[in-house]
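Please keep the sequence and the structure in view while reading.

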Number of protein chains: 2
Amino acid sequence: MSAGLSIERYIQMKAEQVDAELLESLPGIWNVPETLRESMMYSLLAGGKRLRPILVLATVEALQGSTEAALPVACGVEMIHTYSLIHDDLPAMDNDDYRRGKLTNHKIYGDAMAILAGDALLTHAFYSIVQSYRSYGVPADKIVDIVEDLAKLAGAPGMVGGQAADMQGEQGITKLEELEYIHLHKTSDLIVFSLKAGGHLAGATAKQLQALEKFGTNIGLAFQIQDDILDLIGEEDKIGKPVKSDEKQQKVTYPYFVGIEASRDKVNELTEQGKQAIAAAHFPNPDRLLELADYLTQRDH
Amino acid sequence: MSAGLSIERYIQMKAEQVDAELLESLPGIWNVPETLRESMMYSLLAGGKRLRPILVLATVEALQGSTEAALPVACGVEMIHTYSLIHDDLPAMDNDDYRRGKLTNHKIYGDAMAILAGDALLTHAFYSIVQSYRSYGVPADKIVDIVEDLAKLAGAPGMVGGQAADMQGEQGITKLEELEYIHLHKTSDLIVFSLKAGGHLAGATAKQLQALEKFGTNIGLAFQIQDDILDLIGEEDKIGKPVKSDEKQQKVTYPYFVGIEASRDKVNELTEQGKQAIAAAHFPNPDRLLELADYLTQRDH
C-alpha cells in the first residue's frame, strides 16, 4: 500500500482530501450568520497540516477499512483542534496575535466572535462525526463509541483539562510530572482520539485499540517534547512564530527540567515504544502509521 | 399521571431528580484540574430551574417512556444551557457581573477559566448523552439522532448562531424579523432539542416529532417575548437583575417594535398554537407538557 509514495507526498494527498471534505462539511447551506461562518472558515482553512485527520485515515488504512466513510470523523477532529487553537489564542488565554504566520481569529473578528466560532466548531465536530453514519452507513454503536471517546478526550478529563492546567501552571510549574500532565492532555489526548476513532471505524480489536492508545500517548508526548526542543533551538521562519516565545513568557518546557540531550533521548524512546506497541498488535497494514510516528516526532519544524 | 400535583410542585420534584443526577454525572472521578471542576460545578449548581431537562422528562412522560433512562440526556441539555450562560456573561460578550443574584463565573474564576469551563461543559454534554446508552440501554441509533440534533440546534445553525446575531445586532436591529431570528435560535432551538430528545428516547412517531418541534419553536419564542415584557415591567427582586438592564444598554426588544399589548397577544397566540400541535399528535399523556407551556409563557418572573 505504501507503493513508493514518500510520507510527505502521502500527507499532502490526504490533507487535500480532508480540505475538500471540510469545505463541504461546513454549515454553508444553513441559515448561519455570515460573520460567524466566515470566522469559522477563516481558522479552519488557515493552513493546518491536518495531522490529526490523517492519523484517523492512516489508522483506517492500517486496518484496511474504508477511508471514505472515515472522512466526516477526520474532519470532526480537525474542527476540535481548530476550536482549541482559536480559544487558546484569545487575550484571556495565551494572547497570541499570529498563528502559522496569519493573524489569529480574534484579531480579525473580535473576541466575542472568536469565542462563538470556537464554540460552533466544537459543536459542529459532533455533527460531522454523525455524518459517517448518516452518509456512509457506519454502524450507530461505533459512532456512539467515537462520540464518547471525543467527549472524554477533548473535554475536562482530556484536552480542556490540559489547557486549564497549562493556564494555572503559568504561576509556576515546579515538577516534571506537572508538565507531562499538560503535554499528555493538551496534545496526546486528541491524537489518541484520532487513532482510536480510526480503530472504531475499521473494526479494531480491543487489543488493537489498546495499542493505538499506547502509540498515541507516546507520540503525542514525543511530539510535544520535540515542540519544546524546537522552540528553544528552531529557526523563526521555519515555525512561523518568534523563536523562544515560550521562554520569553518564562514558560517552563521539557528541556528546562532535563536538558536538551535527555529530551531528545526521551523523544526517541517514546517513539520506539509506541511503534513497538503497534507492531505487536498485528495490524494488517501498519506502515504509514509507523512512518507518521517518525514524521511527527523527528520533524525539524 | 398528573395526580393532583401542582405544576410548581412537579417542577420542583423533577428539578431535584436532575440535580441529583447532575452531581453524579460530573467528571469528579477523573483526574480533572481542581479549579476547572470547581468552576464547572459553580455554574452548573448555581440555582437554575432545570426547565430544559424537565421538558425532556415531561416529553418522555407524554409518551409513557422511561424517565430514568432519559436523565443523562436531560443533564446534557442543562450542561449546554449552563455553558452558554457562562460564555454569554464574559466581558467580551454581554459583560454581566451577576446572574440569578450570584457572581458570574468569570468574576470568580477569571476569564480564561470561564472560557474553559464553558468548553468543558459543552463537551461533557455529549458524554452525558451517551450514558443513556451505556447505563440504560437506549438504542445506539436513538443516541445518534439526539447527538445530531444537539450538534445542529446548539451549534452555528442554532443557539450559537442566535448569539452571534445578537452580538452583531447590538449595532442596531432594525427589523422585527432580525429580533425573531435571535429569539428563535438563542432560545427556541434548545427547547426544541429538549422536546425532540425526549421524543427520540420514548419512540415518538415522525408526526409527534414534528408536533414537538412546532410546540418548542412556539413556546421558546413566547418565553423570550415574555422575558422582554418582564424586563420592561418586572420588579427587580423577582428576576434577580436590575430591571430594564436591556433598555439601559439600548437593547431592542419585542415590545419596542409592536408595543406591550401586541406582545402579550403574540405570547398567547404562540402558546395556544403550540398546545394545539401537541393535542393533534395524539400523545398518550400530554397534560404536563401542556401545563409547562402555560407555566413558561405566562410566568411573571
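This is a predicted model: local features need pLDDT of at least 70, side-chain atom pairs count only at pLDDT 80 or more; totals for chains, interfaces and linings use all residues.

B:Tyr42 belongs to helix 2 (residues 34-44) of chain B and B:Tyr109 to helix 5 (residues 105-134) of chain B, so their pairing ties together parts that lie 67 residues apart in sequence. In chain A, A:Tyr42 is likewise buried, with a relative accessible area of 17%.

| Ring pair | Distance between centres | Angle between planes | Class |
|---|---|---|---|
| A:Tyr42 and A:Tyr109 | 5.9 Å | 65° | edge-to-face |
| B:Tyr42 and B:Tyr109 | 5.9 Å | 65° | edge-to-face |

Turning to the interface, 50 residues of chain A are in contact with 50 residues of chain B, and the two chains bury about 4,200 Å² between them, 74% of it on carbon and sulfur atoms. Within chain A, the residues that lose the most area to chain B are A:Thr123, A:Val144 and A:Glu148, which together make up 13% of what that side buries.

A:Glu148 also forms a salt bridge with B:Arg134, in which the closest N and O atoms are 2.4 Å apart; the count between chain A and chain B is four salt bridges. Ten residue pairs are in polar contact across this interface. Helix 5 of chain A gives the largest share of the side that touches chain B, namely 15 residues, and the residues of that side divide into 34 nonpolar, nine polar and seven charged.

Terms used. Residues are numbered from 1 along each chain as its sequence is written. Chains are lettered from A and ligands numbered from 1 in the order in which they are written. Side-chain values use heavy atoms; hydrogens and water are left out. Contact means heavy atoms within 4.5 Å. Buried area is the accessible area (1.4 Å probe) that two parts lose on being put together, summed over both. A salt bridge is a side-chain nitrogen of Lys or Arg within 4 Å of a carboxyl oxygen of Asp or Glu. A polar contact is a pair of N or O atoms within 3.5 Å; within protein, one must be able to donate a hydrogen and the other to accept it, and residues adjacent in sequence count only if both atoms are side-chain atoms. Helices (H or I, at least four residues) and strands (E, at least two) are DSSP runs, numbered from the N terminus. Ala, Val, Leu, Ile, Met, Phe, Trp, Tyr, Cys and Pro count as nonpolar, Asp, Glu, Lys and Arg as charged, and the others, Gly among them, as polar. Rings of Phe, Tyr and Trp (its six-membered ring) pair if their centres lie within 6.5 Å; planes under 30 degrees apart count as stacked, over 60 as edge-to-face and the rest as tilted. Buried means under 20% relative accessible area, exposed over 50%, partly exposed in between (1.4 Å probe, protein chains only).
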